[in-house]
Amino acid sequence: MCGFRPVGDEAGFSIQMYHNGEIRGNYYVNGSMDWFDYCDKDRMSMIEVDAMVKELGHEGLINYWYSIPSDSFDGGLVKLSEDTDVLDMLVFVPDTRVINIFLEHVLACSQEQFYSQVGSNVFIKLDDEFGTNTGVVIQELDDNYGAIVPVGGEVS
């Protein structure tokens with residue numbers, strides 16, 4: 001997590017994190033803002049960003065977006081989802097000492113919900129009508145049915 005860095009350190013910067021709101025057009029509305037100061041460029045990763053978000057008390061499916069304050073908000077948001085995105089973000093340090101991160105709360109997790117696949121916004125809500133299906137359905141397809149593309153991306 002961010003901590004003490006000497007003044008004038010080339011690797012130090014702050015994160016201004018916007019949360020509890022939502023992105024509407026060119027605005028982040030109905031939210032809060034917190035600061036994470038003395039962040040170390042050389043130690044920053046998605047694990048650090050996730051830890052900051054958890055420190056603020058957030059869980060569930062959340063999209064992270066960042067912008068550099070000198071850029072305009074309109075079209076200035078960039079998705080932040082993996083360490084390579086963090087490295088792209090940190091290119092602006094030390095020219096800028098503040099990076100804005102916006103949290104987009106997509107879905108709050110609960111025991112009644114689970115995701116159909118990792119990284120998907122599609123979910124299934126379990127209820128009393130949802131039961132287990134132990135039957136198997138086999139159906140022959142015409143030769144002209146179309147390509148079947150497995151998860152690996154190959155066409156069969």
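I began with histidine 19, which is buried with a relative accessible area of 4%; buried means under 20% relative accessible area, exposed over 50%, and partly exposed in between, with a 1.4 Å probe and protein chains only. The model is a predicted one, where local features need pLDDT of at least 70 and side-chain atom pairs count only at pLDDT 80 or more, while totals for chains, interfaces and linings use all residues. Residues are numbered from 1 along each chain as its sequence is written, and side-chain values use heavy atoms, with hydrogens and water left out.

**Entry: around histidine 19**

I found histidine 19 in strand E1 (residues 12-19). Strands (E, at least two residues) and helices (H or I, at least four) are DSSP runs, numbered from the N terminus. Which side chain makes a polar contact with that of histidine 19? I got asparagine 20, at 3.2 Å. A polar contact here is a pair of N or O atoms within 3.5 Å; within protein, one must be able to donate a hydrogen and the other to accept it, and residues adjacent in sequence count only if both atoms are side-chain atoms.

Next I left aside neighbours within four places in sequence and listed the contacts of histidine 19, taking contact as heavy atoms within 4.5 Å. Among them are Tyr28, Asp34, Leu56, His58 and His105.

**Entry: glutamate 59**

Glutamate 59 sits in the loop between helix H1 (46-55) and strand E5 (61-67). Is glutamate 59 buried or exposed? Its relative accessibility is 69%, so it counts as exposed.

**Entry: E5 and E6**

Strand E5 is mostly covered, with six of its seven residues buried. I then saw that E5 runs antiparallel to strand E6 (residues 78-80), with three bridges joining them; two strands pair if DSSP finds at least two bridges between them. Tyrosine 66 has valine 78 in E6 as its bridge partner.

**Entry: helix H2**

In H2 (residues 83-90) I noted Asp85, Val86, Met89 and Leu90 as buried. Down the axis of H2, its buried residues fall within an arc of 135 degrees, so they line one face of the helix; the arc is that of the directions from the helix axis to the C-beta atoms.

**Entry: whole protein**

I counted two helices and nine strands, in the order β-β-β-β-α-β-β-α-β-β-β from the N terminus. Buried residues make up 29% of the 156 residues.
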